[in-house]
Amino acid sequence: MSATTTERGGPAGSGVRGTATSSSPARGGAGKPSHSRADTRAGYAFLSPWLLGFGLLTAGPMLMSLYLAFTDYNLFRAPEFVGIENFTALFADTRFLKSAQVTAIYVFIGVPVKLASALAVALLLNAKHRGQGAYRSMFYAPSLIGASVSVAIVWRAMFIDDGVADQVQQFFGLPGGGWVGNPDMTMPMMILLAVWQFGAPMVIFLAGLKQIPAELHEAAAVDGAGPVRRFVSVTVPMLSPVLFFNLLLETIGAFQVFSSAFIISGGTGGPADSTLFYTFYLYIKGFTEFRMGYASAMAWVLVLVVGIITAVLFRTSRAWVHYTGDVR
Amino acid sequence: MTAMTTVSATASAVATRKKRTRSVAFHVLVLAVAAVILYPGLWMVMSSFKPSSDIVGNVNLWPETWTLHNYVSAFGGIGGVSFWTFVLNSLILAVGSVVGIVLSATVSAYAFARISFPGRGVYFAIMIGTMLLPFHVVIIPQYILFNSLGMVNTFLPLLAPKFLATEAFFVFLMVQFLRGLPRELDEAARIDGCGHWGIFRLVLLPLMRPAVITSSIFAFIWSWNDFLGPLLYLKRPDTYPLPIALRLYVDQTSVSDYGAQMAMAVLALVPVLLFFVVFQRYLVDGVATQGLKG
Amino acid sequence: MVRTRTTARTAAVPITALAVATALTLSACGGGTTASAEAAPVDTDRDIELSLVWWGDDDRASRYEEAVTLFEEKYPNIDVQTQFQAWDDYWTARSTEAAGQTLPDVFQMDLAYIHQYASNNQLLDLSSQMGVNLETGEYDETLLGSGSVNGGQYGIPTSTNTLGMIHHDDLLDELGMEPPKEGLTWDEYDAWIREVSEAGADQDPKVYGGTDYTGTLWLFIQWLLQQGKTAFAEDGTPAFEKSDLVAWVERTQPLRDEGAFYPVERTKQVEPLTGLQVNEAVTELTWDNMTAGYAANAGSDNVSLLPVPTGAEGSQQFWKPSMLLSSSATTQEPDAAAALIDFLVNDPEVGKIFGTSKGVPAVPGQKDAMEVAEGSVDDTIVTYEEDVAERVTADTPIPVEGYGVVEVEFKRLGEELAYGNINAEEFADQWFQSAESNLGGQ
């Protein structure tokens, strides 16, 4: 089991414990692995909803979708086995490749920009000034509503021809023109939307920053380290568990973005498929064209890719993530 | 003596001035960033009070002419379905989700955190794993399952998973919280004759209130904003929750009626914003401190 | 050891659940049962409930509600439950219902989908109802035939449609230009568009002669018919060559290169409206029944219709039922459903209610009952169809299975083309790829 605990997308986070190294539930003081029959019965009784949910809604469906990925199934007729045809078709499908590209750009550019912004603002807010609580809430608010349909609609309204963004551009002497109808500008627009929601990771960074003992900064300052050096050698290592946690969370979340793209592009995937995110194309294939075998194949490719990326993140984390337990 | 006091007095005066300038600079900078961040939200609200023709290119927040016409349109509903029906649908889904999640997550968390039984470690690892799993790998089979059970076009496919602890995030949140509660409480209750159910119900659950509150708030908001689920399973306009109704509204109103769209967008977000304003401390604290204890 | 036992037991639970889930779903896959076909006059003494579903907007919804009220007055024992969706969601919903054998008793059907639903035994064969609960005596034979698949009658057309060129006379007046002459060729039309776009280039916002029509599959089919070719073969696969498609795309490339068409960026911005409806494009080639909606959105009654450009062998226009009404194969109330369909297509009052919003009513009785004000948009459409009748010489192209999907693909490729992302060859290649996997059912 890896050393860090993780969790699925969403604005809140149970951060990583600075000192914990195990993710299994505390075995309490006793630590004796004796399982009384009463305990076993109780355990399964309490866990029954989860077990039922897991079996029926997660494990079962996962196996079924694995099966479907090798079939041609359109809901009307029984699934027809086609071997690896779906997978070979996938990689010859220009739209699939486009959707993979769109998603990759969004993840590999959007996530770092979002985290960098979150960290920057967290550093800014970390100084001892009044009004912290209010500011923190202000920056956090967008993350709560960012993925909503309402915001997607507003975003679209702001980035069309002669819209707010257009006016601002022209004010600064940049060429005008809306972003929504321009396939080259739709991705920046989506990334801006993602970055706008930096509040959630920012709050977590802020909490992490507050946990860094002031003595460490003072000691480094006494040793003659300037602010930049201190940032690199004290802040970043101490913050690394939180950084890792945010990175993991945001990356997995970014792969699953759907409703904003759907609304902004009017359900089409944007001008010339420029907002055709992977999950969006999956939805179109599965629920508009009813090619469910194909869509299942897409889903499994996604699982593999996310799995690989997660594994890579975990592996490389050993190199740069320091837990306070180790540092002392 | 006097010379030194003068010097130190001057030094401290300089220091105070420096501190104040830094403080002012700080506030200015943060407010500037905050202004940019909050602009879209404010623009949305203010635009909802402007006539449609004034909205698109208008960078100015303050409406030249105030109008309530947009809200009148929004309240008019769509195709014979009243606005309040959409609100009610969203409410049913959200409250249902909260109830389901609180019930199933607390119970599961108790099992993971407080009961020792064979397989617990494996299950816990699996649960964590589901948080990393892209949801899309299960939507098609789930859809097929619910379709064959005849549950499509009802709220059931959206609510049932909540009652079965499929949202691992909340289970995890509660497990973390429970780990912070001392085992002595369990022991004391056991001595008093309580079995697991008693310990759970009478001792730990009341103490879990902060985690339950935080979870409820997030569960409510996430359900309120949920789009993909209702999109898949709800096909009749009179069952639409607000996000789907909003989309239908946007599809139908001609492209120039931004006023009505803004008004409806604002109305759809009102409960979320209300929750935020009232419970912001729980939310932000919950995010920040939940796992970063000591 | 305790460990091994628990591992086995651990696995047992999810596996059982999986087994249950799989069994349930697989049992639901596959075809369904059809209702028995003995038609009898509809019962008037017991309570009957019918479901009626359509696609459309608010406006259509209120018209349907009016029509339903009239129907319920005629048949007090029948209660009609109504429902509607926007076009995209409509077919997703129907597909789900089809899979679950719960299609509505009466619902709107489109030519693009009728073949698929009929061959999968999803629709009620209305032939047994004709003459009993459903009167079709006044129908034009070929029109009625468009709802027939494999010898059975699966849909009743409600109204007619044919392609036309809508032109915005207000804009023409502003530019001081004349509308295109009737019966012009495609090349002449292209030249006319160029002229107008040049003239409109100084306007703010710019005005263009027409919208890029390359991405509309129906127009391509019209063009094919004019060359004496057929669109689809008996088995539903394309009956034309890739080279035909390439030729179609290439002939309009100069216009795209010159920027004479309404720009695609603007088209995306104003969706779901079109250039003509926002008063920035003067002409558009589309179905004639769209005229009413277009005029309303453009805010002007001064729009009229001309036939589509002609080919060497004449116009070869064809009637297309703008929509049909079908019934589910598994309906519990086939007689009542047929009666409802009969009412909706034949009753003159219903004709008045809908006007030309669905197209020109197929049944002359309804058409005559419409209150058509002279000079109104309704009048324009009706007159157009009467005038153009002699140009309508082609048979309605066969409604093939999977048409809906490849039509969407055609449009999407048209967009990519407009953005300059693909060329004519790639357009043809990709569309044929889609045609291969989606057309020509099993």
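Predicted model: local features only at pLDDT ≥ 70, side-chain atom pairs only at ≥ 80, totals over all residues.
The contact draws on 95 residues of chain A and 85 residues of chain B. Stay on the chain B side and select helix H13, residues 258-289: this helix gives the most to that side, with 13 residues.

Next, hide chain A and look at chain B by itself. Switch to cartoon view and count: there are 13 helices and zero strands. Walk along the sequence and you pass one α after another, in the pattern α-α-α-α-α-α-α-α-α-α-α-α-α. The C-alpha trace spans about 80 × 70 × 35 Å along its principal axes. For 294 residues, a compact globule would have a radius of gyration near 19 Å, but chain B comes out at 26 Å.

Still in chain B, select helix H3 (residues 83-114) and helix H7 (residues 168-179). How do these two helices sit against each other? Their axes come within 8 Å and cross at roughly 50°. Angles from 35 to 65 degrees fall between roughly parallel and roughly perpendicular, so H3(B) and H7(B) count as oblique to each other. Their crossing is right-handed.

Show side chains here. On H3(B), the residues making the contact include B:Ile101, B:Ala105, B:Tyr110 and B:Phe112, and on H7(B) they include B:Phe170, B:Val171, B:Met174 and B:Leu178. Each helix also brings an arginine to the contact, B:Arg114 from H3(B) and B:Arg179 from H7(B).

Last stop: chain C. Colour its two domains separately, with 48-159 + 321-386 as domain 1 and 163-319 + 394-438 as domain 2. Their C-alpha centres lie 28 Å apart. Where they meet, domain 1 supplies 24 residues and domain 2 supplies 21.

H4(C) has the largest share, seven residues. Colour this domain 1 side by class to finish: nine of its residues are nonpolar, 12 polar and three charged.

Methods:
Residues numbered from 1 in each chain as written. Chains lettered and ligands numbered in written order. Axes fitted to C-alpha atoms, helices over the stretch in contact; angles between N-to-C directions. Helix = DSSP H or I, 4+ residues; strand = E, 2+ residues; numbered from the N terminus. Parallel < 35°, antiparallel > 145°, perpendicular 65-115°, else oblique. Left-handed = near helix turned anticlockwise from the far one by under 90°. Contact = placed C-beta atoms within 7 Å. Domains from an automatic or database assignment. Nonpolar A, V, L, I, M, F, W, Y, C, P; charged D, E, K, R; others polar. Rg over C-alpha atoms; globule rule 2.2 N^0.38 Å.
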